[in-house]
Amino acid sequence: MMFSAKQRMEITEEMSKTTYDVLVIGGGITGCGIALDATTRGMKTALIEMQDFAAGTSSRSTKLVHGGLRYLKQFEVKMVAEVGKERAIVYENGPHVTTPEWMLLPIHRGGTFGKWSTSIGLWVYDHLARVKKEERRTMLSAHETLQKEPLIKQDGLLGGGYYVEYRTDDARLTIEVIKKAVECGAHAVNYVKAESFLYDENGRINGVTCREETTGKTFTIYAKKIVNAAGPWVDILREKDGSQVGKKLRLTKGVHIVVDQAHFPLKQAVYFDTPDGRMVFAIPREGKTYVGTTDTFYDGDRVHPKMTRDDRDYLLRAIRYMFPSVHLTEQHIESSWAGLRPLIYEEGKDPSEISRKDEVWQSPSGLITIAGGKLTGYRKMAETVVDLIAKQLGGTYPPCQTKHLPISGGDVGGASRWHTFMAEKIAEGMACGLTEQQAKRLVQRYGTNVDRLFAFASTYNRKETALPIDWYAMCLYALECEMTVTPLDFFIRRTGALFFDIHAVRQLKEAVVTLMQSYFHWTEEERNKYEQQVNAALHDAVIPCDEAQR
């Protein structure tokens, strides 16, 4: 499998000499899902991503593989049914990156959800999504609701709904999907930008001129079918193709904030009303509580969306409203992230009202574009696109192969075996010199790939690096097996540490940069550039962009 950071030039060289059946532009969850589906059906497949894999929307979501309960209110019944069923498939195929999480929906007098409508809504949700018996909703009294989460506002509390969602690490899910695609024969590379399209004598699209972003080198890739899965950049590519007509995207921004559990000791994931009638999640994770999301139209920088004071204050007000005994200020915010939702524009609708459903368009040149959609539905979106490609290519391609295909790291023999597998591997990790906690974290994050990390851990020499043994193993694995090019690829998308362990990033950033400098033979100038990027990201995670400019 070619997926080491050092193999990137070799991969681009191979891409420039090959004519593919399918070239996917965009390395978010949608594009990576399409690459996996296409390659497992026997199509010669390539994927390029202008930033890092998952660097856009797919590392900046609410980190839930959820069925979209609120879309029932908009009568998006078909979407809820399809996406709800997909949650269990995503879990089964990658139990190391997806975890069932009981969600509490408190019901207050005058709130968005009434007791009867919530009960009916959750019942419909369970049946549409074919939820397992043991995970079906239960309705709670006010007393039972407060037992689940004592911090909830008691004034006007009528009870609660209790139902299952699935928590995920969105970036790691994306990485594991593209790694599986590469294992199955796809060629994929990050930091390669689609600059312009190539056409045959009939005006049909048949290639892309690309730019390798770390060297500035350009090259061409030819393919019979080209898929635009560029998320927030979808319309920019349609413009390059001269096909930006009809429906278009409207970007909305969603912000999340992270607080230590010492200041917000949430026991239970909660999905709650805000004073303006929107719904927000508060979720405990790894000793932190994160809260989001906002939903506002956005026209700024697509690469670096940031939290503003308004975003921050909105979420703090929402927390004070639902959890009145929790007295948080901006000083308590440890980290934040902002992501963009590429939604299909509907005139006259507020951001929260615009449908999250996906659509596939084809331009006169043959460029296939997929837009909209939700993280949870990535596999079905891929199936729709690849079905279309298979039909157009002709030949005998099998139907979708991914429903029962474990993603990279997920082949543990089914989700029911996950806890047994974890116990076995934790013991093996401890035999390599890891503590129980370190071994557990690696097994949970990397699943069946953890043996490679244990092998790296067994070569650890504390005299050669200032990194702890588990971080050393994670960093080497990220470089050798996950095409990590920059320290931020590692701190944000391979580990999530910038969001959920920001103190570790501050402590270990120099040691990580030193290891990567040695691996890539960076000059001091290159080292300084990457250190500055990490420092800027640490700053932006805490300081709202409009305060930073004052």
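My entries cover an arginine, a helix and some aromatic rings.

I'm working from a predicted model, where local features need pLDDT of at least 70, side-chain atom pairs count only at pLDDT 80 or more, and totals for chains, interfaces and linings use all residues. Residues are numbered from 1 along each chain as its sequence is written, and side-chain values use heavy atoms, with hydrogens and water left out.

**Arg 379.** I found Arg 379 in helix 9, residues 378–393 (helices are DSSP runs of H or I, at least four residues, numbered from the N terminus). Is Arg 379 buried or exposed? Its relative accessible area is 5%, so it counts as buried (under 20%, with a 1.4 Å probe and protein chains only). Leaving out residues up to four places away in sequence, I see Arg 379 touching Glu 86, Ile 89, Cys 400, Thr 402 and Lys 403 (contact means heavy atoms within 4.5 Å).

**Helix 6.** I checked residues 170–183: helix 6 has 14 residues and reaches 20 Å from first C-alpha to last, close to the 20 Å expected at 1.5 Å a residue (1.5 Å times one less than the number of residues). Of those 14 residues, 13 are buried. After the helix comes Gly 185, with a positive phi near 120 degrees.

**Rings.** My search of the whole structure gave 20 aromatic pairs (Phe, Tyr or Trp six-membered ring centres within 6.5 Å; planes under 30 degrees apart are stacked, over 60 edge-to-face, the rest tilted). Phe 490 and Phe 491 make a tilted pair, 5.5 Å centre to centre with 55 degrees between planes, and both are buried. I also noted one aromatic cluster of Tyr 290, Trp 337, Phe 499 and Phe 500.

How values were computed. Helix = DSSP H or I, 4+ residues; strand = E, 2+ residues; numbered from the N terminus. Buried < 20%, exposed > 50% of the residue type's maximum accessible area, 1.4 Å probe, protein only.
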